[in-house]
Protein chains: 2
Amino acid sequence: MHEKERHRIILSAVQEKPVATVQEMVDLTDSSEATIRRDIAALHVQKRLRRVRGGAEALSPPSFVGLAGRPFSVNETINAAQKRAIARAAAELCKDGEPIIINGGTTTFQMVHFLTNRRMPIFTNSFPIAEHLLKHSKNTVMLSGGTIYREQNIILSPFDNDVTRNFYARRMFMGAQGLGPLGLMEGDPLLIQAEQKLVDQADELVVLIDSSKFRRRSSLILCGLSRIATVITDDGIEDREAKMLEGAGVALIVAGKAAGELEESSLQA
Amino acid sequence: MHEKERHRIILSAVQEKPVATVQEMVDLTDSSEATIRRDIAALHVQKRLRRVRGGAEALSPPSFVGLAGRPFSVNETINAAQKRAIARAAAELCKDGEPIIINGGTTTFQMVHFLTNRRMPIFTNSFPIAEHLLKHSKNTVMLSGGTIYREQNIILSPFDNDVTRNFYARRMFMGAQGLGPLGLMEGDPLLIQAEQKLVDQADELVVLIDSSKFRRRSSLILCGLSRIATVITDDGIEDREAKMLEGAGVALIVAGKAAGELEESSLQA
DNA sequence: TCAAAAACGATCAAATGTAATCATATTGCG
DNA sequence: CGCAATATGATTACATTTGATCGTTTTTGA
């Protein structure tokens with residue numbers, strides 16, 4: 001990966017949270033600790049970020065960031081490493097120039113880091129995703145219209161949106177509350193409605209969920225398994241669950257095995 | 001393959017991603033490393049791209065051609081004080097609970113500072129305005145859908161947007177390139193189209209322009225004077241121009257008098 | 001307070017990128 | 001055609017970047 005690309009990713013990572021650790025950036029860029037340190041040092045003298053022990057932070061005061069209603073940022077750090085691995089695998093499915101849809105969510109948000117060096121038409125209903133891509137990438141960003149719901153940082157509209165209906169994508173990426181034999185499950189009827197509209201605009205549906213979601217059920221079904229092209233999850237998935245997907249003709253990608261895995265086992269000899 | 005062809009391919013490659021490597025271009029053109037390096041060097045001195053270690057990058061971020069005007073960031077600082085005064089007067093017209101539309105622009109952007117403690121439904125097509133209001137206020141923010149144009153930070157869509165058509169506002173606030181006897185003038189046809197859609201959704205049109213705009217003309221007319229309810233400008237406005245507005249039944253607010261001075265001529269409740 | 005863990009910086013070898021040179025096409029033109 | 005000018009590709013030596021190692025410093029937590 002080129003120096004410039006790393007720098008982009010690093011700057012992008014630093015924006016997302018108060019302080020980004022060296023390890024996280026190693027994860028993000030697939031390069032060594034030494035290189036990241038050198039990059040941080042360089043960006044520091046360029047005054048593009050501030051170097052701190054353990055990593056780096058954005059120059060601009062992140063004072064307000066947490067204020068303006070964000071259960072988002074709390075969620076954001078849960079299982080961050082796992083989510084990143086899943087998001088990376090998702091981003092690797094994309095090809096430059098190929099239009100995609102990214103539905104809002106904490107896992108899908110992680111994709112932004114892996115899209116900083118891409119050039120694709122990206123449609124999203126997530127304000128933070130749009131914001132990040134706008135500021136840290138050269139992708140063409142398209143947003144759905146409507147009211148911005150602060151809790152979820154999602155844009156919803158009770159009305160039909162011709163922008164949405166005229167955007168066609170190769171793939172749509174989304175998270176969910178649960179995934180079972182009956183299909184993809186979501187908790188909120190409003191969300192369901194919005195997501196269903198989007199799903200119709202893409203050839204392939206790619207679902208990003210950590211493995212715990214296989215055991216979680218919700219009340220509302222968004223779509224059946226047959227509509228799902230690919231599921232990306234972590235290695236906590238059980239054989240039974242994998243078989244269920246296989247049986248429904250869903251491709252399965254288990255992220256976090258090959259590259260960028262950090263030992264997080266609580267076991268110790 | 002001829003030099004020109006390679007150059008075309010190289011320039012195109014460089015547009016696709018932040019940085020294109022020499023190897024990639026070798027693959028693309030089926031020529032040798034040495035040749036690509038020489039090409040890059042040549043294009044570099046021609047200022048058609050920037051040479052970086054490992055390859056080359058585009059020198060300017062992609063701009064959406066067709067939208068006239070300076071980038072937002074440049075415009076932003078011109079006459080900031082005057083714009084602020086005008087924006088403050090505009091914000092003072094608003095009442096809590098009363099829905100408004102704010103069209104994107106550098107002057108209207110200044111309104112956000114005076115709206116932080118308000119609670120209104122606010123519809124905008126400006127990404128930065130939405131962002132600021134979202135982070136620094138408790139207003140209900142609604143956004144139009146479409147592509148985000150980076151230069152102007154405006155969201156535009158060639159398609160109709162039912163979100164827009166279903167939002168009704170007491171007032172719409174907007175800037176413009178010029179204002180003359182024929183009406184409100186704008187430079188870009190795309191902008192015109194989007195703005196006209198919005199204008200239809202509001203009872204009263206409030207125009208925010210600094211006084212220099214009275215002497216500036218543009219090629220496209222957005223709407224006639226009769227459609228304008230109120231003009232807010234600074235005290236550089238000339239009598240002749242004030243009379244023109246008066247004659248057309250347009251209310252005039254002159255902002256930017258000494259701080260603390262409460263008198264504001266032609267003020268309507 | 002002390003010891004383990006984590007972060008850091010320096011150093012070096014390997015990988016990668018660059019510049020210079022020269023030999024070999026290819027082109028333009030009298 | 002033949003000659004010169006130019007463009008291209010291969011080889012070489014050189015420079016930079018990167019990742020691993022190791023000893024030191026800082027932080028953490030008992």
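What follows is a set of questions and answers about this predicted model.

Q: What makes α2(A) and α3(A) roughly perpendicular to each other?
A: Start with the angle: α2(A) and α3(A) pack at about 110°, with their axes 9 Å apart. Angles of 65 to 115 degrees count as roughly perpendicular, so α2(A) and α3(A) get that label. On the α2(A) side the residues that meet α3(A) are Val22(A), Met25(A), Val26(A) and Thr29(A), and their partners are Glu33(A), Ile36(A) and Arg37(A). By class, this contact divides into 4 nonpolar, 1 polar and 2 charged residues.

Q: Why do residues three or four places apart in an α-helix point the same way?
A: An α-helix has 3.6 residues a turn, so such residues end up pointing the same way.

Q: How do you know whether α2(B) and α3(B) are roughly perpendicular or roughly parallel?
A: Check their angle, which is about 110°, with the axes 9 Å apart. Roughly parallel would need an angle under 35 degrees, while 65 to 115 is the perpendicular range, and that makes α2(B) roughly perpendicular to α3(B). Here Val22(B), Met25(B), Val26(B) and Thr29(B) of α2(B) meet Glu33(B), Ile36(B) and Arg37(B) of α3(B).

Q: Which elements supply at least two residues of the surface near DNA strand C?
A: They are α2 (22–29) and α3 (33–45) of chain A, along with α2 (22–29) and α3 (33–45) of chain B. There are 14 residues around DNA strand C, and Arg53(A), Gly54(A), Val22(B), Arg53(B) and Gly54(B) come nearest. The surface has 4 nonpolar, 6 polar and 4 charged residues.

Q: What makes a residue part of the surroundings of DNA strand D?
A: The cut-off is a C-beta atom within 6 Å of the strand. The residues surrounding DNA strand D include Glu3(A), Ser31(A), Ser32(A) and Arg53(A), as well as Glu3(B), Ser31(B), Ser32(B) and Arg53(B). Two or more residues each come from α3 of chain A and α3 of chain B. Sorted by class, the surface near DNA strand D has 2 nonpolar, 6 polar and 4 charged residues.

Q: Why is α8(A) called mostly covered?
A: Because 9 of its 10 residues are buried; a residue counts as buried if 20 or more other C-beta atoms lie within 10 Å of its own. Among the buried residues of α8(A) are Phe127(A), Ile129(A), Glu131(A), His132(A) and His136(A). For chain A as a whole, buried residues make up 46% of the 269 residues.

Q: Where does chain A touch chain B?
A: 32 residues of chain A are in contact with 36 residues of chain B. On the chain A side, α1 (3–16), α8 (127–136), β6 (140–143), β7 (146–149) and α9 (162–166) each give two or more residues. That side has 12 nonpolar, 11 polar and 9 charged residues.

Q: Which residues touch the most other members of the largest nonpolar core?
A: Out of 115 residues in this core, they are Phe173(A), Val207(A), Leu208(A), Ala90(B), Val207(B) and Leu208(B). Leaving aside neighbours within four places in sequence, Val207(B) is in contact with Met174(B), Ala176(B), Leu179(B), Leu184(B), Ile228(B) and Val231(B). Another core, of 11 residues, lies apart from it, with Ile9(A), Ile10(A), Ala13(A) and Leu49(A) among them.

Definitions and conventions:
Residues are numbered from 1 along each chain as its sequence is written. Chains are lettered from A and ligands numbered from 1 in the order in which they are written. This is a predicted model: local features need pLDDT of at least 70, side-chain atom pairs count only at pLDDT 80 or more; totals for chains, interfaces and linings use all residues. Helices (H or I, at least four residues) and strands (E, at least two) are DSSP runs, numbered from the N terminus. Ala, Val, Leu, Ile, Met, Phe, Trp, Tyr, Cys and Pro count as nonpolar, Asp, Glu, Lys and Arg as charged, and the others, Gly among them, as polar. A nonpolar core is a set of buried Ala, Val, Leu, Ile, Met, Phe, Trp, Tyr and Cys residues joined through C-beta atoms within 7 Å. A residue is buried if 20 or more other C-beta atoms lie within 10 Å of its own, exposed if 12 or fewer, and partly exposed in between; C-beta atoms are placed from the backbone. Two residues are in contact if their C-beta atoms, placed from the backbone, lie within 7 Å. Axes are lines fitted to C-alpha atoms, for helices over the stretch in contact, and angles run from 0 to 180 degrees between N-to-C directions. Angles under 35 degrees count as roughly parallel, over 145 as roughly antiparallel, 65 to 115 as roughly perpendicular and the rest as oblique.
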